[in-house]
Amino acid sequence: MGFHLKQPARLTVVLVTAILIVLVLFAPAAAQEGDETELLEQGAQIYADNCAVCHGEDGQGRIGATLAKDWPSIRPDLRVRETIERGVSDTFMPAWGLNYGGPLDAQELDAVTFYILSWQSGGPIYIAPTPTFDTRIALTPPPGVEGDPMRGSQLYAANCAVCHGEQGEGRVGANLAKPWPSVRPDLRVKAVIENGAPGSVMPPWSQEQGGPLSDQDINDITAYVLTWSGAETVPATQETSIGPLTGWPVWVIFIGAFVLIIIAIVYFSRQRNSED
Ligand code: HEC
Ligand code: HEC
């Protein structure tokens with residue numbers, strides 16, 4: 001009688017052990033694969049947010065150099081990482097490492113380096129997400145300024161936010177959400193955008209100066225930047241996104257849930273046992 005009731009419990013124990021062995025054998029391989037994909041995804045995001053503006057969405061080059069290429073170096077990872085961390089002096093390539101006044105920590109530098117090296121022939125294949133720009137609220141053009149601030153806000157997000165912050169609060173570049181003491185602030189701001197700020201990483205943006213933006217583009221961005229003048233600086237809201245869970249946390253949760261279910265089964269079958 002007692003033996004008869006214990007049979008299912010024993011079967012469960014055997015099953016659980018078998019499943020745990022399978023998990024222990026295969027989890028590390030799956031987790032490592034997950035780690036690489038995670039690193040690529042993170043690197044792609046950092047790249048899209050910070051680098052695509054100058055190096056092009058696929059590393060094909062724009063204001064900055066072509067990055068989708070082979071790096072003739074024994075340790076290309078070290079070379080590329082160091083360039084990103086320190087920047088290239090006397091060019092528009094800013095330093096990105098925290099130690100050099102940039103916004104990226106060591107782990108983020110690893111991720112974006114890994115992503116860039118994935119473009120080498122024979123590297124891991126990963127399709128980057130296309131950057132999306134959020135739709136913004138309707139903006140009233142500042143009086144006497146030509147240009148469409150709505151269109152300007154999109155161009156700003158794509159070209160300038162990387163250095164000046166989403167709301168012009170400043171990042172690698174200067175704070176732009178401020179009053180411009182000038183008879184014609186629009187002309188002043190427009191001139192800096194067209195010609196850049198010599199001696200800094202602020203590149204010239206006008207097509208006459210070899211930049212990517214048309215006169216209309218620059219007028220629109222100028223109108224957008226001037227919507228901030230006089231307004232209080234809005235501190236940037238830190239975006240925290242929780243992506244889909246991958247890698248070892250999934251396994252921990254999975255195994256944890258499994259163990260809980262088994263404990264419950266054993267508990268209830270024992271209870272029924274003692275009721276008998
Ligand atoms: C404002 C424009 C700009 C931005 C933004 C920018 N770069 Fe650059 N980058 C450049 C320029 C210009 C060069 C070429 C410097 C030179 O002449 O050597 C360069 C060079 C590089 C190089 C070296 C290329 C080579 O052939 O040696 C790497 C690697 C690089 N950038 C990575 C990045 C990464 C990663 C980011 C984002 C975190 C980034 N860059 C953001 C402008 C930019
Ligand atoms: C690679 C980083 C970078 C990018 C990208 C960039 N800027 Fe700048 N910008 C700077 C830096 C750095 C300065 C400060 C230059 C100096 O020291 O005077 C600056 C200065 C300026 C100024 C003058 C600020 C002042 O107080 O006089 C304006 C206006 C400006 N940027 C607008 C723009 C616009 C608009 C875009 C996009 C089309 C843009 N910037 C893209 C880095 C950048």
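1. In this predicted model, ligand 1 is surrounded by 22 residues, the closest being Cys-51, Cys-54, Gly-64, Thr-91 and Met-93. A residue is near the ligand if its C-beta atom, placed from the backbone, lies within 6 Å of it. Local features need pLDDT of at least 70 and side-chain atom pairs count only at pLDDT 80 or more, while totals for chains, interfaces and linings use all residues. Residues are numbered from 1 along each chain as its sequence is written, with chains lettered from A and ligands numbered from 1 in the order written.

2. The shell around ligand 1 holds 17 nonpolar residues, 5 polar and no charged. Here Ala, Val, Leu, Ile, Met, Phe, Trp, Tyr, Cys and Pro count as nonpolar, Asp, Glu, Lys and Arg as charged, and the others, Gly among them, as polar.

3. Helix 2 (52-55), helix 3 (76-86) and helix 4 (106-117) each give at least two residues to the shell around ligand 1. Helices are DSSP runs of H or I with at least four residues, strands runs of E with at least two, numbered from the N terminus. The chain has 9 helices and 0 strands.

4. Where does ligand 1 lie relative to the domains? Domain 2 (37-121) and domain 3 (149-229) both contribute to its shell, so ligand 1 lies between them. The domain bounds come from an automatic or database assignment.

5. Of the 276 residues in the chain, 24% count as buried, that is, with 20 or more other C-beta atoms within 10 Å of their own, these atoms being placed from the backbone.

6. Val-225 is in contact (C-beta atoms, placed from the backbone, within 7 Å) with Gly-168, Leu-176 and Val-189, leaving aside neighbours within four places in sequence.

Technical notes:
Buried ≥ 20, exposed ≤ 12 C-beta atoms within 10 Å, placed from the backbone. Contact = placed C-beta atoms within 7 Å.
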